[in-house]
Amino acid sequence: YSSGIPYLGIHADAGNSDVIACESAEAFEEGWTALKGLGLTQPNTFSPDGSVTYATTTNPELEGCRVHAIDTATGEVIWCQSYDSTVALGAVEVDSAGDLYFTTEGSVYSLKADGQLRWQVAVLDGEEVDQPWGVHFTPEGHLATVTSSGMVYLIERATGDVLSQLSIPDAFGFVAPRGLELNLDI
């Protein structure tokens, strides 16, 4: 970017100071540690009141927990559940009501704050299971996700009903590169 253009993502503030005032890790005192031995590949998210943080993880155990709710004051695991290993490819998103949303290969899930299932919706590319890549909230209050094959889903947050679908390859002629078909197990 040219000099004098206030682009906050690069220059940190409207004055282009290139500085973000913050304390580094050395200034913090560790209060607790959780989820030892598990890989945290995506950002954790928080409940509306900040008392719980939610995380998706890898787990070396086939049936081990991969979605976790952790007390932010104590670091204690409140609950955890096992899902397909692909859950670690996305973060848990939390709405203002405290409901949780995340994806795994072939599904979009919503849980209550206590970990109980609200709904699950299958995500397919024709007859084949497809990998959705995280969820996003729309301005209208719905949920959106896009899959590895380029299918966009608009989902009703309260019920899990699929409101609309759009195939990016069909609509715009995009073709996924062959390199995405690696079948890696994280």
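Student: How many bridges join strand β7 to β8, and how do these strands run?
Tutor: Strands here are DSSP runs (E, at least two residues), numbered from the N terminus. Two strands pair if DSSP finds at least two bridges between them. In this predicted model, five bridges join β7 (residues 107–111) to β8, and these strands run antiparallel. S107 stands opposite A122 in β8.

Student: What do the source notes say about numbering and confidence?
Tutor: Residues are numbered from 1 along each chain as its sequence is written, and side-chain values use heavy atoms, with hydrogens and water left out. The model is predicted: local features need pLDDT of at least 70 and side-chain atom pairs count only at pLDDT 80 or more, while totals for chains, interfaces and linings use all residues.

Student: What is the strand order of the sheet that holds β7 and β8?
Tutor: The order is β5-β6-β7-β8, an open sheet of four strands with antiparallel pairing. Its edge strands are β5 (93–94) and β8 (117–122), each of which pairs on one side only.

Student: How is the aromatic pair of Y83 and F102 arranged?
Tutor: Rings of Phe, Tyr and Trp (its six-membered ring) pair if their centres lie within 6.5 Å; planes under 30 degrees apart count as stacked, over 60 as edge-to-face and the rest as tilted. The count comes to six aromatic pairs. Y83 and F102 are edge-to-face, at 4.9 Å centre to centre with 75° between the planes. Y83 lies in the loop between β4 (77–81) and β5, and F102 in strand β6 (residues 100–104), so the pair ties together parts 19 residues apart in sequence. F102 and Y109 form a stacked pair, with 5.3 Å centre to centre and 15° between the planes. Ring pairs link Y83, F102 and Y109 into a cluster.

Student: Is F102 buried or exposed?
Tutor: Buried means under 20% relative accessible area, exposed over 50%, partly exposed in between (1.4 Å probe, protein chains only). F102 is buried, at a relative accessible area of 1%, and Y109 is buried at 11%. By contrast, L166, found in strand β14, is partly exposed at 37%.
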